[in-house]
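Biologist: I want to walk through the strand pairing, the helix packing and the salt bridges. Can you bring the model up?

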Amino acid sequence: MKAFWMATAAAVALAGCSTVPAEVETTPVAQAQSPEDIRVADLLSRMSLERKVAQLIQPQINSFTPDDMRRYRFGSYLNGGNGGPYGDEFAPASEWLRYADEMYLASIEPMEGDEPVIPTMWGTDAVHGHTNVVKATIFPHNIGLGATRDADLIRRIGHATAVEIEVTGIDWNFSPTVAVAQDDRWGRTYESYSEDPAIVAPLGAALVEGLQGAKGDPDRLGKGHVIATAKHFFGDGGTTQGVDQGDVDGDIEELKKIHAAPYPATIAAGVETIMASFNSINGVKMHGNESLLTDVLRGELGFDGLVVGDWNGHGQVKGCTNTDCPQSLLAGLDIYMVPDDWKGLLETTVAQVEDGTIPMEVLDQAVERILRVKYRAGLLDTFVQPSGRPNAGQYELLGSAEHRAIAREAVAKSQVLLKNNGVLPLKPGANVLVAGNAADSIAQAAGGWTLTWQGGGDLTNDYFPGATSIWKGLEDAVAESGGKATLSADGSYSAKPDVAVVVFGEQPYAEFAGDRKHLGFADEEGLDLLRKFKADGVPTVAVFLSGRPMWVNREMNAADAFVASWLPGGEGAGIADVLTGAMPATGKLGFSWPATCDFGPLNSPDGALFPVGYGRSLTDTSATPQLDETCAPLMEGPSRALFESGRLSDGTVVFAAKPNVEGDGEYLVQFRGDLTDSGVFVKGYDRNAQEDAREIRMNSGAMFGLSQDPDTGGAYRIVYEVVTRPTAPIMLRVGEDALVDLTEHFAVAQGKGWREMLVTEACAPGLGDRIRFETQGNITFRIASVVREDVAEGTACSF
């Protein structure tokens with residue numbers, strides 16, 4: 001294995017990260033009796049059991065108070081994607097800093113006896129800039145940065161982000177994501193630099209250096225730097241069908257060559273923390289996988305920092321709950337990210353150390369790793385509250401002109417030109433019409449993880465002071481060339497323009513909310529505009545905003561030029577720089593671009609419309625052939641509904657059976673009611689409209705289902721939400737004989753919002769005219785729609 005990691009590090013160095021050595025160290029670097037060793041050993045020797053365990057507990061700011069910090073002395077805490085100080089996710093930077101001071105001061109109040117005082121540290125998801133905070137610079141998401149191939153640029157972005165984090169008094173950034181996304185249906189694809197680990201590794205290492213400072217630099221983890229986190233170890237980008245938090249299957253050594261490959265580079269760059277992944281590897285959850293968290297990460301790769309969990313990820317380990325999981329600590333986790341159930345987990349873990357379930361040496365080892373990171377970050381040297389640290393309170397640094405210039409450069413370098421028949425660059429003096437609802441929406445250009453967890457929503461441009469929309473950037477650039485730009489979201493005009501720029505794309509999303517079953521782009525706003533202008537004889541430029549490559553053959557056929565803009569963030573002028581020719585088009589695809597619409601993973605030139613590395617210059621006006629516009633999921637769409645929009649379709653019946661009684665109970669003509677005699681209770685639920693969904697509570701041994709007569713055929717597509725985590729098997733019986741085990745799928749889905757399952761012949765041979773949920777334990781879930789549709793032969797089931 002050492003030869004593999006040596007080869008990986010060498011490949012990374014060749015790919016452009018000059019600070020990565022040819023051989024990755026495989027042994028801890030700390031020397032015996034170093035000042036770090038002495039300080040950490042002294043603190044550890046004087047800590048009580050309760051204070052040791054508290055170092056492992058990381059709650060979120062919405063669920064505890066400074067008084068709780070004073071009482072329990074948590075080693076760290078975080079703000080979630082929708083969390084802000086004092087309950088205000090849009091709080092000004094000054095409130096973030098005030099909150100950091102309150103928590104810090106509570107953590108360092110004198111203790112009784114010889115118990116040492118150990119400062120806490122605050123972690124945040126600043127994944128494309130410090131974008132939880134109003135006025136911060138919004139950089140492109142990683143998928144765009146991967147198209148730049150510019151490690152020095154990413155290093156400068158990391159430093160700028162660290163400075164803006166310091167302004168608010170926060171210590172720790174949960175970034176970079178070094179996932180190697182292999183199936184673009186995954187809702188986190190845009191957090192990945194590329195499907196190719198040789199592209200991911202140097203860029204991830206560069207961001208680590210930008211955030212923390214380079215190894216050997218005297219200011220490393222000092223002024224202008226914060227603690228970085230490489231995530232998520234490992235395999236997060238390789239789940240089956242791109243299902244977030246799902247399973248990654250395959251030979252472990254082959255999986256490591258792809259998904260563990262970026263980690264030697266980030267470790268060599270000195271990353272202090274690594275986050276465990278939600279996913280499973282061959283059925284074993286990473287948060288409880290000792291062979292990977294300990295043997296591989298610490299043994300083979302030589303990582304000597306701390307391993308932090310993800311949001312209640314430990315609760316997904318077999319046999320665990322959010323408040324009870326010794327398995328994770330024993331496997332090699334050091335910090336439990338336990339947003340809300342922190343008290344129960346703390347008390348349980350203390351008891352498990354006392355009764356020997358968790359050996360004291362295991363606890364001490366985890367605490368030691370946490371203390372070492374705090375020592376390296378300067379938190380144990382002198383006690384300085386956040387507002388007294390470098391850059392703190394210098395609010396003019398948030399979204400500074402210097403940082404916005406870096407973001408604008410990144411936007412320009414990330415644009416990938418896929419088609420151009422000569423309409424680009426825009427001619428000086430042109431009359432340009434800018435169309436599409438996304439043109440003047442900074443929120444849509446920024447995507448998820450921007451002020452709110454999912455981004456978008458009701459976030460108008462007023463939420464982004466100092467940022468520049470794509471429209472505004474174009475207006476200014478066209479005016480500078482002597483022309484005129486006009487914004488018309490619906491594409492209407494009185495005087496025929498010389499050219500139209502149509503901005504359209506995906507609505508913002510984050511994590512599992514962005515999981516998809518296929519990559520056909522369904523929103524036809526942009527398509528309609530492009531076809532309208534084509535019919536009017538107006539040349540068009542398509543600017544496509546997306547968190548992944550998508551099937552857009554229809555739009556590409558209708559456009560004269562097509563630009564993959566990804567999720568560029570808050571500096572729309574960078575797009576104008578390329579469209580006007582002020583900057584060259586240098587972006588190159590980090591992902592294969594699909595030629596067809598209904599497909600699985602695409603990680604090679606085979607089946608790709610454009611391969612990794614493709615990207616035209618502005619002078620390349622070679623013809624793009626007419627593309628196939630056939631896409632069954634978009635053309636045919638869902639059909640033959642059993643239940644949707646709160647109504648049962650004609651011919652659909654709902655039925656239930658009493659516990660432990662064979663056969664069906666009374667057939668019902670409505671999808672609601674107290675069926676407690678059958679162990680089932682159904683009530684209306686408001687999803688998007690009044691009672692447009694149903695909540696189903698089933699008691700142990702109950703059966704509940706829907707059928708349609710006559711059988712209309714096709715796979716079952718079910719939109720569902722799991723309310724309570726299953727404690728016993730729950731099965732879906734399809735037809736008479738096919739059984740699909742939903743237990744693990746429901747366990748992963750619990751609390752994750754609405755999801756979609758597709759049940760095909762692949763897991764339910766024969767399908768049949770009805771489905772039945774059968775449970776061996778109490779369970780509550782919701783259903784918004786059940787439809788049947790034709791799918792391509794061989795289409796896999798997904799959940």
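Predicted model: local features only at pLDDT ≥ 70, side-chain atom pairs only at ≥ 80, totals over all residues.

Modeller: Up now. One definition before we start: two strands count as paired if DSSP finds at least two bridges between them. Strands (E, at least two residues) and helices (H or I, at least four) are DSSP runs, numbered from the N terminus.

Biologist: Start with S25 and S26. In which sense do they pair?

Modeller: Antiparallel, over six bridges, with S25 covering residues 680–685. Phe681 has Arg697 of S26 as its bridge partner.

Biologist: What else does S26 join?

Modeller: S33, residues 779–789, through five bridges, again antiparallel. There, Met698 is partnered with Ile779.

Biologist: Is S26 (residues 693–698) enclosed or open?

Modeller: Largely enclosed by the rest of the structure, because five of its six residues are buried. Buried means under 20% relative accessible area, exposed means over 50%, and partly exposed is in between (1.4 Å probe, protein chains only).

Biologist: Switch to the parallel sheets. What is the strand order in the one with S5?

Modeller: S5-S7-S10, an open sheet of three strands. S5 (229–233) and S10 (306–308) are the edge strands, each with a single partner, so one side of each has no neighbour in the sheet. From one strand to the next, the twist averages 30 degrees.

Biologist: How many bridges hold S5 to S7?

Modeller: Four, with S7 spanning residues 273–276. One of the pairs is Phe233 with Ala276 of S7.

Biologist: And what is the order in the sheet with S2?

Modeller: S2-S3-S4, three strands in an open sheet with parallel pairing. Two bridges join S3 (residues 121–124) to S4. Thr124 sits opposite Asn173 of S4.

Biologist: Helices next. At what angle do H7 and H8 pack?

Modeller: About 35 degrees, with the axes 7 Å apart; H7 is residues 151–167 and H8 is 197–212. Axes are lines fitted to C-alpha atoms, for helices over the stretch in contact, and angles run from 0 to 180 degrees between N-to-C directions.

Biologist: Which residues meet there?

Modeller: On H7 they include Ala151, Ile154, Ile157 and Gly158, and on H8 Pro202, Leu203, Ala206 and Leu207 are among them. Contact means heavy atoms within 4.5 Å. By class, the contact of H7 with H8 has nine nonpolar, four polar and two charged residues. Ala, Val, Leu, Ile, Met, Phe, Trp, Tyr, Cys and Pro count as nonpolar, Asp, Glu, Lys and Arg as charged, and the others, Gly among them, as polar.

Biologist: What about H7 and H15, at what angle do they pack?

Modeller: About 145 degrees, axes 10 Å apart. Leu153, Arg156 and Ile157 are among the H7 residues involved, with His403, Ile406 and Glu409 among those from H15. The contact of H7 with H15 divides into six nonpolar, one polar and four charged.

Biologist: Last topic. How many salt bridges are there?

Modeller: The count is 48. The rule is a side-chain nitrogen of Lys or Arg within 4 Å of a carboxyl oxygen of Asp or Glu.

Biologist: Which residue does Glu511 bridge to?

Modeller: Arg188, with the closest N and O atoms 3.0 Å apart. Glu511 is in the loop between S15 (499–505) and H18 (525–536), and Arg188 is in the loop between S4 (172–173) and H8, so the pair ties together parts 323 residues apart in sequence. Glu511 is buried at 8% relative accessibility, and Arg188 is buried at 4%.

Biologist: Which residue does Glu300 meet?

Modeller: Lys256, at 3.2 Å from N to O. Glu300 is in H11 (residues 290–300) and Lys256 is in H9 (residues 252–260), 44 residues apart. Glu300 is partly exposed, at 25%, whereas Lys256 is buried at 1%.

Biologist: And Glu571, which residue does it meet?

Modeller: Arg404, at 2.8 Å from N to O. Glu571 lies in the loop between S17 (561–566) and H20 (573–579), while Arg404 is in H15 (residues 401–414), so the pair ties together parts 167 residues apart. Glu571 is buried at 6%, and Arg404 is buried at 11%.

Biologist: Which residues are linked in a network?

Modeller: Glu36, Asp37, Arg220, Glu272, Asp304, Glu368, Arg372 and Arg376 are linked by salt bridges.

Definitions and conventions. Residues numbered from 1 in each chain as written. Heavy atoms only, no water.
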